[in-house]
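Please examine the sequence and the three-dimensional model shown below.

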Amino acid sequence: YHFFRMLGWFRKAGLEKTYAKTFAGSVYAPLSNEIRTALISLIQMRWTSLKSELSSDDLEEFQRLVKPESPDFILNLPDYYAFFTYSLFYGKIPK
């Protein structure tokens, strides 16, 4: 059920002219409230499952950097920069 199989699912559903495109974006400090909120959501969505893969020391360091209540929260850095990718999947309903 991996989303990168979307084009096959679209074709199986009868969609035509399917395609995918990946975009890259970047953000840097100072962050707007909207971008900050989106990045916090992204961190919580994408990296909370790392807990089982990290040693206790690494987990402590990770949480120091990614918890908004931490004084060392990474998004509070005055020179913070991040990049991200996102993918668009498209298909047309046949006439």
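Glu61 and Arg64 both belong to helix H3, where three residues, about one turn of the helix, separate them. Helices (H or I, at least four residues) and strands (E, at least two) are DSSP runs numbered from the N terminus. The model is a predicted one, in which local features need pLDDT of at least 70, side-chain atom pairs count only at pLDDT 80 or more, and totals for chains, interfaces and linings use all residues. Residues are numbered from 1 along each chain as its sequence is written, and side-chain values use heavy atoms, with hydrogens and water left out.

Side chains of opposite charge can pair when their charged atoms come close. The side chains of Glu61 and Arg64 form a salt bridge, with 2.5 Å from N to O; the term denotes a side-chain nitrogen of Lys or Arg within 4 Å of a carboxyl oxygen of Asp or Glu. Arg64 also forms a salt bridge with Asp72, and here the closest N and O atoms are 3.1 Å apart. Through shared partners, these salt bridges join Glu61, Arg64 and Asp72 into one network. A search of the whole structure finds two salt bridges.

Glu61 counts as partly exposed because its relative accessibility is 38%. Arg64, at 30%, is partly exposed, and Asp72 is partly exposed with 35%.

The next topic is the nonpolar core. Such a core is a set of buried Ala, Val, Leu, Ile, Met, Phe, Trp, Tyr and Cys residues joined through side-chain atoms within 4.5 Å. The largest one has 13 residues, of which Val27, Leu31, Leu39, Phe73, Leu75 and Tyr80 touch the most other members. Helix H2 (33–47) and helix H3 (56–66) each supply at least two residues of this core. Leaving aside residues up to four places away in sequence, Phe73 touches Arg36, Ile40, Ile43, Arg64, Leu65, Val66, Lys67 and Pro68, where contact means heavy atoms within 4.5 Å.

On a 1 Å grid over the protein atoms alone, a pocket is an open set of points where a 1.4 Å probe fits, with protein on both sides within 12 Å along at least five of seven lines; lining residues have an atom within 4 Å of a point. Grid points are joined across faces, edges and corners, and a volume is the space filled by probe spheres set on the points. The largest pocket holds about 590 Å³ of space. Its lining has 20 residues, and Leu42, Arg46, Trp47, Phe83 and Phe84 are the closest to its centre. H2, H3 and strand E2 (81–92) are the elements that give two or more residues to this lining.

The second largest pocket holds about 160 Å³. Among the residues that line this pocket are Ile43, Phe62, Val66 and Pro68. H3 gives the most to this lining, with three residues.

Finally, Ile74 lies in the loop between H3 and E2. With 26% relative accessibility, Ile74 is partly exposed. Ile74 touches Leu65 and Tyr80, not counting residues up to four places away in sequence. The C-alpha atoms of Ile74 and Ser52 are separated by 21 Å, the two residues being 22 apart along the chain.

Note on methods
Buried < 20%, exposed > 50% of the residue type's maximum accessible area, 1.4 Å probe, protein only.
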